[in-house]
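Here is a short briefing on one protein chain. Please keep the sequence and the 3D view side by side while reading.

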Amino acid sequence: MTLSKKTRYAIVALTRLAREYGKGPIQIREIAVSEQIPQRFLEGILLELRKLGILGSKLGKEGGYFLLKNPADVKLSEIVRHF
């Protein structure tokens, strides 16, 4: 099975957010640069993950995205199936 680019990017972004779990929000720009994901594409992916209830977001200068669940509770199969 071949994963779509969108699915791979979602997994990469979630992995990054899992590594930073509990440390506060991470800005989209920071994730995009460090993981080499086009920022506009990443924005849509993170928005979808937020709508699924996997991510939360915070507005403002200190804002960004963060995992709502413990990383161990995020099911990879759910991500692959959605994207």
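In this chain, 56% of the contacts with a separation of 6 or more link residues 24 or more positions apart. The model is predicted. The chain holds four helices and two strands. Read from the N terminus, the order of elements is α-α-α-β-β-α.

**Overall dimensions**

- The chain has 83 residues and a radius of gyration of 12 Å, which agrees with the value near 12 Å for a compact globule of that length.
- Along the principal axes, the C-alpha atoms fill a box of roughly 40 × 25 × 20 Å.

**Surface, burial and charge**

- Of the 83 residues, 31% count as buried.
- The chain exposes about 5,300 Å². Carbon and sulfur atoms supply 53% of that area.
- The chain carries 15 positive and 8 negative charges.

- Strand E1 covers residues 55-58 and strand E2 covers residues 64-67. The two run antiparallel and are joined by four bridges.
- Which residues of E2 stand opposite Gly-56 and Lys-58? Gly-56 faces Phe-66, and Lys-58 faces Gly-64.
- E1 and E2 form a hairpin, with five residues between the strands.
- Gly-60 sits in the turn of this hairpin. Its phi is positive, at about 105°.

- Arg-16 belongs to helix H1, which spans residues 5-19.
- Is Arg-16 buried or exposed? Arg-16 counts as buried because its relative accessibility is 9%, and the cut-off for burial is under 20%.
- Which residues does Arg-16 contact, leaving aside its neighbours within four places in sequence? They are Ile-26, Glu-30, Ile-31, Ser-34 and Glu-35.
- The contact list of Arg-16 thus includes Glu-30 and Glu-35, and both of these residues count as negative in the charge tally.

**To look at in the 3D view**

- Start at the hairpin: find Gly-60 in the turn between E1 and E2, then locate the facing residues Lys-58 and Gly-64.
- Next, go to H1 and pick out Arg-16. From there, trace its contacts, among them Ile-26 and Ser-34.

Key. Residues numbered from 1 in each chain as written. Predicted model: local features only at pLDDT ≥ 70, side-chain atom pairs only at ≥ 80, totals over all residues. Heavy atoms only, no water. Pairing = 2+ DSSP bridges. Buried < 20%, exposed > 50% of the residue type's maximum accessible area, 1.4 Å probe, protein only. Contact = heavy atoms within 4.5 Å. Rg over C-alpha atoms; globule rule 2.2 N^0.38 Å. Areas by Shrake-Rupley, 256 points an atom, 1.4 Å probe, with all protein chains shown as cover. Charge placed at Lys NZ, Arg CZ, Asp CG, Glu CD.
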